[in-house]
Amino acid sequence: MRRLLSVSCLLLLPLVAQAQQTDARAAFAAAFQETLQKPTDAPTLLRYARLAVQVGDLEAAVSAYERFLMIDADQPRVRYELGVLYYRLRSYEAARAYFETARASAKAANDVRAGAGEYIAEIER
């Protein structure tokens, strides 16, 4: 009985993952519509960017984070996230520029500085 239950759970995992992905895509689509209604609303842009990353649309996330920086340019964590996205997109020089700016900001938290430094070291290899 225990083994049958384990096998049943294993068979359901892909269905659960697919349902979660569908929910994420629906949330992403709704967030996109919200950005059209509120194109300069910072929380809306951040939510959309995070959902874009979750569904794998890195270019959409880049666009949202860059729009956010037009509203508030001194956001080292957003610059760090942009660096990560550009790194994932293999645009290493753009990534480096965002990491360096994030790391140099007086507002940067220690984890942002450390993470940016690690990525920069990786880019330089």
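How many of the 125 residues of the chain count as buried? The share is 34%, where buried means under 20% relative accessible area, exposed means over 50% and partly exposed lies in between, with a 1.4 Å probe and protein chains only. Before you start clicking, note that this is a predicted model in which local features need pLDDT of at least 70 and side-chain atom pairs count only at pLDDT 80 or more, while totals for chains, interfaces and linings use all residues. Residues are numbered from 1 along each chain as its sequence is written, and side-chain values use heavy atoms, with hydrogens and water left out.

**Stop 1: the whole chain.** Switch to cartoon view. You will find six helices and zero strands, in the order α-α-α-α-α-α along the sequence; these are DSSP runs (H or I of at least four residues for helices, E of at least two for strands), numbered from the N terminus. Taking contacts (heavy atoms within 4.5 Å) between residues at least 6 apart in sequence, 43% join residues at least 24 apart.

Stop 2: In soluble globular proteins, nonpolar side chains tend to be buried together. Now centre on Y65: leaving aside residues up to four places away in sequence, Y65 touches L46, A49, R50, V78, E81, L82 and L85.

**Stop 3: helix 5.** Which residues of helix 5 are buried? Colour A95, R96, Y98, F99 and A102 to see them. Looking down the axis, these buried residues fall within an arc of 170°, so they line one face of helix 5; the arc is taken from the directions from the helix axis to the C-beta atoms. Their cover includes helix 3, helix 4 and helix 6. On the face turned away from the buried side, look for the exposed residues E93 and A104.

**Stop 4: T35.** Move to helix 1, where T35 is found. T35 counts as buried, at 3% relative accessibility. A polar atom of its side chain lies 2.6 Å from the backbone oxygen of F32. Not counting residues up to four places away in sequence, T35 touches T44, L45, Y48 and R67.

**Stop 5: the rings.** How many aromatic pairs does a search of the whole structure find? It finds eight, counting rings of Phe, Tyr and Trp (its six-membered ring) whose centres lie within 6.5 Å, with planes under 30 degrees apart called stacked, over 60 edge-to-face and the rest tilted. Show F32 and Y48: this pair is tilted, at 6.0 Å centre to centre with 45° between the planes. Because F32 lies in helix 1 and Y48 in helix 2, the pair ties together parts 16 residues apart in sequence. F32 is partly exposed at 36%, whereas Y48 is buried at 6%.

Next, show Y87 and Y119, an edge-to-face pair at 5.0 Å centre to centre and 70° between the planes. Y87 belongs to helix 4 and Y119 to helix 6, so this pair ties together parts 32 residues apart in sequence. Y87 is partly exposed, with 22% relative accessible area, and Y119 is partly exposed at 24%. To finish, select Y80, Y87, Y92, F99 and Y119, which ring pairs link into a cluster.

How values were computed
A polar contact is a pair of N or O atoms within 3.5 Å; within protein, one must be able to donate a hydrogen and the other to accept it, and residues adjacent in sequence count only if both atoms are side-chain atoms.
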